[in-house]
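Subject: Structure for you to look at

Hello,

Here is the structure I said I would pass on. Please open it next to this message, and then read the notes below.

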Amino acid sequence: MISEKTLFAQHVEKGLSDDKKFLSSMYFYDKKGEALFRQIMKLDEYYLTDCEMEILQSQGKNIAEIFDDGELEIIELGAGDGIKTKELLRNFDFNQITYRPIDISQQAIIDITDKMNEWLPALKVKGICGDYFKMIKDFKTDKRKLILFLGSNLGNMTDEQAKGFIGQLHHVMNSGDSILLGLDLIKSENIVLPAYSDNKGITAEFNLNLLHRINKELGGNFKLKDFSHLATYNEKEGIAKSYIKSSKNQSVYIEEVDKEFHFKKDELIHTEVSRKYDLDIIRNIIEGTSFQLKHQFTDHKHYFTDLILTKSN
Ligand code: AVI
């Protein structure tokens, strides 16, 4: 089995050797990255969390009613901090549901289980540690499933990757099972861009933490002060992108791959896509599956949406 560290090193070597340099946002989330993301979610500019919270608080009861028809396994992809999920779950009949957060981090499972036990003591919580699809596939049950994929996490994939991801989910679900999919909607630049370039510089730190991680885990010698964060948003296509920009001509050596990488002044490393959606885009992503868009919930400003997609026969 290839170790996590080797996979990270291989990715970094590939991404920094490319003509158009890139690194995956997947690697944002070490301990420090997770803490910074929790700070981002509290920023005034980062409207996504508040909007989805509003939907789950004000319409959680209606969502629960849709599934109020016997036993239900509620599986959450990516445990998160549980605050939004709690607002949804409290509307369900705890005799009928089991909540199963899935995460690759054992600690994330322990934390979410402790929190849910404290917040909703009557709720059955059975966390699963591992890869999403493998876990759902191996999890044999005749009970109906509701899969939660909140927070516009799908948006960190290209549409092609999202299509693949939704297709894999479709493959491991039974007919009658549903996904509750949280998505950020396309809106104007003056709202989206500040969410990815906040005044306090937390998003910049979050993005640049990737270089810090390379230094720490792969023996890199990036000087963080010589790089900066850049966010862009194309309103027409509805895609925000984050980059790390080199402030000067410079070279960086990374011990683990035993290679020096050269950066020109103003050269960019693409690190993240944050896709914004409309219904046509999501219809295109579910095309070829038997998912049907059954319900749509939005916040009062129509910034964010939670969709219910149900697999038909
Ligand atoms: C986790 N994900 C949906 C966030 C987003 O909005 O794309 C990650 C993030 N990147 C910068 N700020 C927040």
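**How the helices pack**

Helices α2 and α9 are roughly antiparallel to each other, a label for angles over 145 degrees, whereas under 35 is roughly parallel, 65 to 115 roughly perpendicular and the rest oblique. Their axes cross at roughly 170° and come within 9 Å; an axis is a line fitted to C-alpha atoms, for helices over the stretch in contact, and angles run from 0 to 180 degrees between N-to-C directions. On the α2 side the contact is made by K32, G33, L36, F37, Q39 and I40, and on the α9 side by I202, T203, E205, F206, N209 and H212. (Contact means heavy atoms within 4.5 Å.) Five of the residues in this contact are nonpolar, five are polar and two are charged. Here Ala, Val, Leu, Ile, Met, Phe, Trp, Tyr, Cys and Pro count as nonpolar, Asp, Glu, Lys and Arg as charged, and the others, Gly among them, as polar.

Some notes on reading the model. It is a predicted model, in which local features need pLDDT of at least 70 and side-chain atom pairs count only at pLDDT 80 or more, while totals for chains, interfaces and linings use all residues. Residues are numbered from 1 along each chain as its sequence is written, and side-chain values use heavy atoms, with hydrogens and water left out. Helices (H or I, at least four residues) and strands (E, at least two) are DSSP runs, numbered from the N terminus.

A second pair is helix α7 (residues 159–172) and helix α10 (residues 279–286), whose axes are 8 Å apart at an angle of about 55°. That angle makes α7 oblique to α10. From α7, the residues D159, A162, K163 and I166 meet I281, N284, I285 and I286 of α10. This contact divides into five nonpolar residues, one polar and two charged.

Also in α7 is E160. E160 counts as exposed because its relative accessibility is 69%; the cut-offs are under 20% relative accessible area for buried, over 50% for exposed, and partly exposed in between (1.4 Å probe, protein chains only). The C-alpha atoms of E160 and I285 are 7.8 Å apart, although 125 residues separate the two along the chain.

Helix α3 covers residues 47–66, which makes 20 residues. From its first C-alpha to its last, α3 reaches 27 Å, close to the 28 Å expected at 1.5 Å a residue (1.5 Å times one less than the number of residues). Where is the kink in α3 centred? It is centred on Q59, with an angle of about 65°, taken between axes fitted to the seven residues ending there and the seven starting there. The buried residues of α3 are Y47, L48, T49, C51, E52, M53, I55, L56, Q59, G60, I63 and A64. Among the elements that cover them are α2 (31–41), α4 (83–89), β6 (178–184), α8 (189–195), β12 (291–298) and β13 (304–311).

Helix α9 has 17 residues and reaches 24 Å from its first C-alpha to its last, close to the expected 24 Å. There is a bend of about 30° in α9 at L208. How many of the residues of α9 are buried? The count is 12 of 17, so α9 is mostly covered. Among the buried ones are I202, F206, L208, L210, L211, I214 and L218. G219, which follows α9, has a positive phi near 65°.

**Single residues**

Most residues other than glycine have a negative phi. S152 has a positive phi, near 55°. S152 is in the loop between β5 (144–149) and α7, and is buried, at 7% relative accessible area. D266 also has a positive phi, near 70°. D266 sits in the loop between β10 (259–263) and β11 (268–275), and is partly exposed, at 41%.

K248 is in the loop between β8 (239–246) and β9 (250–254). With a relative accessible area of 38%, K248 is partly exposed. Leaving aside neighbours within four places in sequence, K248 contacts D226, F263, K264 and K265.

T232 is in strand β7 (residues 227–234) and is partly exposed, at 31% relative accessibility. Beyond its neighbours within four places in sequence, T232 is in contact with L193, I239, A240, K241 and Y243.

Regards
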